[in-house]
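Subject: Structure handover

Hello,

Here is the structure I said I would pass on.

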Amino acid sequence: MKTRTSFLSIIFFLFCSVAAPAQKSSLTYTVKMDNPEWHFFHVQLSCKGIRKDFIDFKMPVWTPGYYQKLDYAKNVAALKATDETGKELKWEKTADNTWRVFSNNSNRVNLAYEVKTVRSFVATPYVDDNRAYILPAGVFLYIDKMLDHPVQLIIVPDAKWKRVATGLDSIAGKKFTYTAPDFDILYDSPLLVGDLEELPSFKIRGITHRFIGYKLGDFDREQFILDLKKIVEASVNIIGHIPYKHYTFIAIGSGPGGIEHLNNTTFGFNGANFNKRENYIRTLHFLAHEYFHHYNVKRIRPIELGPFDYDKGSRTKMLWISEGLSVYYEYIVVKRAGITTDAELLNAFRGNIVAFENKPGKLYQTLEQASYETWSDGPFGRTGDEVNKTISYYDKGPAVGLLFDFKIRQATSNKKSLDDVMRFLYKEYYQKKKRGFTETELKSAFENVAGSSLAEEFEYVTTTKVLNYPKYFNYAGLNIDTSIQVLPGPYAGFTVREREDSVFIAAVDYESPAWNAGLRRGQQVLEIDWQKATGKLCNTILSNMEIGKMIKMKIALPGKKSEYKNIFPVRKKERTFNIKTIENPNTPQKQILESWLKG
Ligand SMILES: [Zn+2]
């Protein structure tokens, strides 16, 4: 995100062009990975022309796109600083992520350090015998207040590896040598090194898109690239502009998660499970999500998400736009690409609605709060007992996006849609004003497109008001089943697990008979129906339970000895949220549905 206007470099440029005396400063990193099985990166940083009494070198505490503090600094070891004569320079830690090197006005400072890698994950650097994943925010120290300085990067792959995949520009004629105009771009451009496979590239509007990865698995590569091309095309058709010169999909091996970047994305990938259609569609949705992010969050973004605060993290109340609407568009894009059916699209939305509606967090936490609290709660809400008080913007976000889209289409006689809001935000804030938008600006963008107040709809963002799905779905001639169904068979609402001869409550459904009796996840079960609890006994009793027939449980409680709980199984009540087209839609309903499906 090139938003850090380089005021200093303008001054520097003026100064140079008039007087031209000073030697230009430069920063060059070299990364080696000898003995990759030991899981270390060896980093050298050569700083030239930065004459100061001391230099503060810092490691980011997070990587943009993954809104959690990851404490990369703790993996830095064996740091050594020398001047141009090779003399060792003193340094001290002044914060957990800051190394102060007393450089005594040296023209050249060389830094060498190791980065220990512990976990193969999309948001952490990792190297082993098979490949190296350089997650820049966890590998490269920056110089305090010099984030806008250009960087050169030399990768020295282990001898057995021949390829490097990255979104960075390479320097012609120099092998594995790359440049970044500033640290925002460097931190936005992971590198994958190894025995990589590149699938056939494709062009959209004259611009090359590549797919490179490690251990991709066995699948129909030709069909996959055809589908990926359609997905990119459908995304570009929504915004109408491609802002990068090249784009690279980088598959880092099997595992969860993906992170979006300006001209690339890195993600876990396993083509071996594509033989099941639902796995294939899930992967295409996921790739559409990460790709659409290059618009929504990297360029169409909340004002707080740039310039990034690498020291503290950047909090915003608008992740429901950046993440929630990226889920919304992952479904829309794959549908408009002609890959999924109408039923698959509606079922995808149904999945998020069920996930949101069946958790009690909806009564306590708003979309705005979930966005803001993600740094402490995690992106899917808090785990453990507190999970009952939080929501996921990945679930409520797309549901609210759908209500907004149908409302805008209805209010404008289907002349405008959520796509117009996204296009407006892109043009007005990314292209024209070159910044993010505030909450007030976001709201007026929505309302200007709709041509009317959306105060009622914004309450779904700022309050825990119950979502009125039937009203909005009806605008598109869709019916959603919100009636309560009574399921056959008895239901208690809890499960157990056994660990080292003890039995614990594994999960409790909110407001189930078990919940209402006071059972909670993690509690130890001492007895069930007056007998010593074992996992086997509990499961036998649960599978033979009867409606209204009490299950007696003795639970160990902290501070107290134990307590008896009485659970009375009932019939389970559930809402399916099945979505179907209505039988005789009128013309406006037909038009809204058709244009929503086709774009
Ligand atoms: Zn995302």
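Predicted model: local features only at pLDDT ≥ 70, side-chain atom pairs only at ≥ 80, totals over all residues.

Zinc site

Start with the metal. Three protein residues donate to the zinc ion: His289 through NE2, His293 through NE2, and Glu323 through OE. Their distances from the zinc ion run from 2.0 to 2.1 Å. Along the chain, the donors are spaced as H-x3-H-x29-E.

Cavities

How many cavities of 30 Å³ or more does a search of the whole structure find? The count is three. The largest cavity holds about 70 Å³ of space. Ten residues line the largest cavity; Gly65, Tyr67, Val297, Lys298 and Phe308 are the closest to its centre. Its lining splits into seven nonpolar, one polar and two charged residues.

The second largest cavity comes to about 50 Å³. Its lining is made of Pro64, Asp184, Tyr187, Asp188, His261, Lys298, Phe308 and Tyr310. By class, that is four nonpolar, one polar and three charged residues. Note Lys298 and Phe308: they line the second largest cavity, and they are also among the residues closest to the centre of the largest cavity.

Second largest pocket

This pocket has a volume of about 890 Å³. Its lining takes in 30 residues. Nearest its centre are Asn358, Tyr491, Asp509, Tyr510 and Glu511. Which elements give two or more residues to the lining? They are β25 (502-508), α14 (513-516) and β30 (570-574). Strand β30 supplies the largest share, with five residues. The lining has 13 nonpolar, four polar and 13 charged residues.

Helix α12

Helix α12 spans residues 455-462. Its buried residues are Glu457, Phe458, Tyr460 and Val461. Viewed down the axis of α12, these residues fall within an arc of 135°, so they line one face of the helix. What do the buried residues of α12 pack against? Their partners are α5 (319-336), α7 (367-372), α9 (393-411), α11 (439-450) and α13 (469-475).

Over to you.

Best regards

How values were computed
Residues numbered from 1 in each chain as written. Heavy atoms only, no water. Donors = N, O, S within 2.8 Å, 3.2 Å for Na, K, Ca; no water. 1 Å grid on protein atoms, 1.4 Å probe; cavity = no way out; pocket = protein on both sides within 12 Å on 5 of 7 lines; lining within 4 Å. Points joined across faces, edges and corners; volume = space filled by probe spheres on them. Nonpolar A, V, L, I, M, F, W, Y, C, P; charged D, E, K, R; others polar. Buried < 20%, exposed > 50% of the residue type's maximum accessible area, 1.4 Å probe, protein only. Helix = DSSP H or I, 4+ residues; strand = E, 2+ residues; numbered from the N terminus. Arc of directions from axis to C-beta. Contact = heavy atoms within 4.5 Å.
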